[in-house]
Amino acid sequence: MKRRHKWAIVALVLLALAGLLGGGIYYIAHVQEALWIKAVTDILEVTAQGRHALDTYMEKDAETLHLLAADLSGEDPADGATLLKKVRLFSESGTSYICVVLDTGTVYTDRQQAGYVLSQEQLDTFLALAESGVRRPFLDGYTGVWTLGNYERFTFADGTVGLVQKTRPLAEVAQRFSLSFYDDTGFSYVVDREGDILIRSLHKNSNRTFQNLFDIVDLQGNESGAVETFRAALGNGKKGVARFQYQEQEYVFCYVPLESVPGWDVISIVPNQVIMEQAGEIIEQSQILLLLVAAGVLVLTAFFLFYRYSTRRIVAAKEEARRAAESASVAKSRFLSNMSHDIRTPMNAIIGMTKLAADQADQPDKVRQYLKNIDLSGRMLVGLINDILDMSRIESGKMVLSETDTSLEELLTGIVKMVQPMVTEKKQQFEVRLLQVQHETLCFDALRLNQVLINLLSNAVKFTPAGGAITVEVAEQPAVKEGCARLVFRVADTGIGMKADFREHLFDTFSREQDSRVDKIEGSGLGMAITKMIVDLMGGEITVQSQPDRGSTFTVELDMRLPGRQLPAEDPLPPMRVLLADDDAATRQSAAAFLRELGAAADIADSGQAAVEMAVAAHGRKADYDLIILDWKMAGLSGIEAVRGIRERIPAEVPVVIFSAYDWA
Amino acid sequence: MRMGRRVWALLLLPALLLGVLSGCNESKNIVFEADTGAVQHQTDLTFFGYKYEALNVMAIEDALHGYMDDYPGVNIAYDGIKSPDYFSVLEKRLSTGNGDDIFMVDHERVLKLSGQGQLADLSDLSTLENFSDLARSQMAADGTIDYLPTSISAFGLYCNTTLLKKHGQKIPENLAELEAVCDYFVSQKIIPIVANNDISLKTVVLAKGLLPVYQSADPAARIARLSSGQDDLTQVLAPGFSLVEKMLRRGWIDADEALNTAKTKDDLALFAAGERPFMLTGVWAVPRLRELEPDFSFEVRPYPILDDGSVLVINIDTRVSVNADSPHVEKAKEFVEYLTQKDVMWEFVDSQCSFSPLKDNRLSEDQAIQSISPYLTNGRSVIGADDNLQLPIWDLARQCTVGMLQGDSAEQATARMQLLINQWRAQQTEVGTP
């Protein structure tokens, strides 16, 4: 349920983000489009203003020309001198006027002193001009330069048709009316409906060589449909905007038809990138805003989730504290209850026995028995009080480890001495094995480790019935911590074991299994709790494996510091062959490995009989063992019997050593 | 009452804050200072040329913009008009003081304008040393450098390989084969050769007539004698006129059609229609032919008009001169220098399907023209308008072949040539030039 709720929140946040981003992208695209339209509309407007200026300029020329036409219309076409004079009167710098008598083909120009007759080809050109208007740019017949000219037909006094024309160099018009945009990156042309460039801008980016606008557009690989639409719009005298590729970038073409010259358009060409550069700032700000909003949503969500998580943690911590307090209260009550019981019982015994001893003071045997019982109860009471004090010291942090360089051998010898009487009393088997222990001397708190092992062993003795076996194994492993050795102490018994549910509370204070067999065994229920606390204090770990009636194995793993001063390594043995016999496989393997480490070639036998046979065989090969080590107690042939067998069959005096692990007395 | 005021104040506060933050009531007066930076004086140059079609001018466009990028203070405009009108306009502009700063010239105009001192000396341009010996021998013919060529154009026989294959004919390798193929097509009622009214036939005349001169022991001496009139040029060209006469007489070329066929326009349209096996024109027309008919299959070969093979006509072409009267002579020369840089020039050469006039003599990479490549150096090429021949032979030959299209015989064409040469020399004597 919680998981589903969590995913729902994540999905909601993602959905909100996706919505925000989608909306933002749509918004930015919309703004971008709007800005582009605004920019091209502005360019279109500027183009229209440029067109208006050119229209005004043309119209002014047309008006001047009309005045000349009106002036000449009252004259006689045959009066060349008058015509020439009037034409020359209108002459102004940079322009040229002519008057053509169309019927005769005679032309009067302000450049010549007299009229002359046009060639038929030239006359045909003028005859083709109707009414008035502006001629397409043409090469001036005299100067050879491109020229723009207004013309107007009129009628002389005698009805003869004449034509006046005012021309000016095209370059001058181009210079005066070429528009530029965006720091000269955009420019303009005047084109006709077929796209022929009539007036060319001289701005830096403008094309200088192509003669038709569609050469510019067509040759750049633009989509033909779009080009045709553009061509049609231009041909129909529409105003509009198109976007095409030119010289590997997008250009915007804004076109506006001229009013003074039908069929001509002013077209502005601006790189799209330049147009969008100005819009780019707004877009960038919008993008930043969008990102900020998205980041805000994320931050708010994170804050919400963090707040929710913190609140939950606080609630959980409060709950835990409440439970701990409750548990502590329960523990305190239980402790007091247990204490009252565990203290009162031996105290009652002491008081009762004291009274009995007083009552029967005349019976020394009985009094001695009572005193013995009083002593036992007193010791129990002292033990209990010691445990309580230990616990108190550990819990209050007053217990400090006192680590000194100590011999592991001495520790184990002391423990064996302490445990051996109890084991003997209960007729249990007791073995101590050292497996691959490299360092005999280590730095540790011997008192506390002794306490841990004694606690474990005393429990093992207590809960193992007579005839059972108790084994202590000590092994050394490489430690993760530098300068340390990991010692693993394993205390195994074949006792009554524990149930799984009790195992979980094994290390709790005053925990004792509710079992009829356990009830009869004395104990405060503090020993394992203290053991665990000491192991924890030492930075180690204690684990237990146990099954009811299958015994228990406690494993304590401790990282012990290596002593500051290493003892010199023992000299290895001289090259020698050793025969080792033990019926216990673990002991056999361990001892053989130890011998090999010392440099001896060790053969092993799993029984006394096997040892005898191997010794005899070696003798037969004339390769007697240098030393034979035998376990005393072995199934079948014992150590002593094996020695006898060897001595009987081998004349050589091979040294034989018998070891026993049982003779602790 | 007091509460009411607080509520109003609380309601108004956010609105006030919004107003202040959005600047809705802020008055503004932004004053833009005039640009006080140094005003860079801009030089306006104009470049006048006879390259005008979009395909041909792309390389020029790139060169102009490249130059302006390198020289930000210069703005250069280009004006292109188709030749031969171009040359009359050029002369009008120059004669009326409206001459452009840079312009293209041909052999005849170099002779004429150089004599009038209207061409600036370009001998100090750094790119001069990059030109091949052939190009330099032409440029320095009169001792000064009046122009720099930007290509070596070639003239060839365009062969419609599809049609030839269809009729089981092969591309001719010599005159006999040309005669056989042409006669075959005539017999099939197909006029085999598309010719224009300008360069098609005059190049045949020059190729046939001048090859022996270039193959002589001392071509320079022979040309000098022809130039000075010691040897008779008309007699040299006579075999060429005879060959043209034969071509017309045997129906390989339709004279009326040729008279009305403008070069690199009408002729291309006729040939691209695919019904004619051959066309005589400049190799530069290859891109235009491809644009006209992208799938058209053709090859360009040297003229197979010799008994023992073919001959290639070349011209030191697209000659660029600087107007000596230009107010910006130095800037104009800078542009010419830029234009004749190896990379810039190669773009132009490649677009013109020509040879580079630089030392590498590199030929444009179009596959259809690769067969002409060896002819530049194998001793089987003639220069159509050799600068060392101080006669406008290019134009005079055109006038003679136009006459032949109008009905002149070879003999009459030879006579016309003699007449035109005499007139030219007389004209030169009048203006005091050698």
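This report describes the interface between chain A and chain B and the cysteines of a predicted model.

## Basis of the model

Local features require pLDDT of at least 70 and side-chain atom pairs count only at pLDDT 80 or more, while totals for chains, interfaces and linings use all residues. Side-chain values use heavy atoms, without hydrogens and water, and residues are numbered from 1 along each chain as its sequence is written.

## Interface of chain B and chain A

In chain B, 23 residues are in contact with 20 residues of chain A, contact being heavy atoms within 4.5 Å. The buried area is about 1,800 Å², with 55% given by carbon and sulfur atoms; this area is the accessible area (1.4 Å probe) that the two parts lose on being put together, summed over both.

The rule finds 12 residue pairs in polar contact across this interface, both residues at pLDDT 80 or more. A polar contact is a pair of N or O atoms within 3.5 Å; within protein, one must be able to donate a hydrogen and the other to accept it, and residues adjacent in sequence count only if both atoms are side-chain atoms. The count of salt bridges across the interface is 0, where a salt bridge is a side-chain nitrogen of Lys or Arg within 4 Å of a carboxyl oxygen of Asp or Glu.

## Cysteines

Over all chains, the count of disulfides is 0, a disulfide being a pair of cysteine sulfur atoms within 2.5 Å. The closest cysteine sulfur to that of C484(A) belongs to C443(A), at 9.2 Å, which is too far for a bond.

C484(A) is buried at a relative accessible area of 13%, and C400(B) is buried at 0%. Buried means under 20% relative accessible area, exposed over 50%, and partly exposed in between (1.4 Å probe, protein chains only).

Technical notes. Chains lettered and ligands numbered in written order.
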